[in-house]
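Hi everyone, thanks for coming. Have a look at the chain on the screen, and then I'll walk you through some of its side-chain contacts.

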Amino acid sequence: MSENFIEKLIELVIDKLLLGGIVLLAGYWVNRRFEIFKNETNEKYRQRQLIAELENQLAMSRYNAELEFIERQISEFYWPIYLRLEKDNVMWKRIKSLSAEKNTLPEAASEAIEKDFILKNHQEIVEIIESKIHFAGDSANSKELINEFLKYIKHVEVYKTIRSIKELQRFNPIDLNEPFPEKIFPLVENNFRELQ
């Protein structure tokens, strides 16, 4: 074996070792870059997942808040007003001075019902309207409903006043241009049913 052959062999081994080292370093570098890329991708995916979870929680919170508001609209505003208006619809027809129907009660009973029930019921409705009017603000017919509520409040105040003054007791609110607002019951009933 010649020296030339040994030199060529050593040169070939060194070349192969250098080439192997370069490939090894390149492989290591590519592997590191791939690991970094994979970690960044996983982190971005985890962040997107976290954002999606937070958005879902936010949407659920909004939904629950809206549902709670609707429940409060029904339980604190529309339902109490609706029930009292329904009671009024039944009772005022029994009062001689307010109704033209034949099934009215005697004058003494009519006065007691008017004083102890209808006027009290009207006052309760006015108190609900005054303290909870914000529950009517987001309905499709809110402007019309609020106008009817204002007419109702004026009607009730005139009604209470004429019933408190002996000389005016023969009058009804309609005689003083403050009739019962006819649209109030259908508007309240419509909003109540829609919310349910």
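Let's begin with a question: in which helix do Arg-46 and Glu-43 lie, and how many residues apart are they? Both lie in helix α1, three residues apart, which is about one turn of the helix. By helix I mean a DSSP run of H or I with at least four residues, numbered from the N terminus.

A word on the ground rules. This is a predicted model, where local features need pLDDT of at least 70 and side-chain atom pairs count only at pLDDT 80 or more, while totals for chains, interfaces and linings use all residues. Residues are numbered from 1 along each chain as its sequence is written, and side-chain values use heavy atoms, with hydrogens and water left out.

Back to our pair. The side chains of Arg-46 and Glu-43 form a salt bridge, at 2.9 Å from N to O. The criterion for a salt bridge is a side-chain nitrogen of Lys or Arg within 4 Å of a carboxyl oxygen of Asp or Glu. Arg-46 has a relative accessible area of 48% and Glu-43 one of 31%, so each is partly exposed. On that scale, buried means under 20% relative accessible area, exposed means over 50%, and partly exposed is in between, using a 1.4 Å probe and protein chains only.

Searching the whole structure gives eleven salt bridges. One that links distant parts of the chain joins Glu-124 and Arg-84, at 2.8 Å from N to O: Glu-124 sits in helix α2 and Arg-84 in helix α1, 40 residues apart. Glu-124 is partly exposed at 26%, and Arg-84 is too, at 21%. Glu-124 also bridges to Lys-120, with the closest N and O atoms 3.9 Å apart; these two are four residues apart in helix α2, about one helical turn. There is also a network of salt bridges linking Arg-72, Glu-76 and Lys-132.

Now for the nonpolar side. A nonpolar core here is a set of buried Ala, Val, Leu, Ile, Met, Phe, Trp, Tyr and Cys residues joined through side-chain atoms within 4.5 Å. The largest has 22 residues, and Phe-77, Ile-81, Phe-149, Tyr-152 and Val-188 have the most contacts inside it. Helices α1 (3–91), α2 (107–132), α3 (142–164) and α4 (184–195) each give two or more residues, with α1 providing the largest share, six.

Thanks, and I'm happy to take questions!
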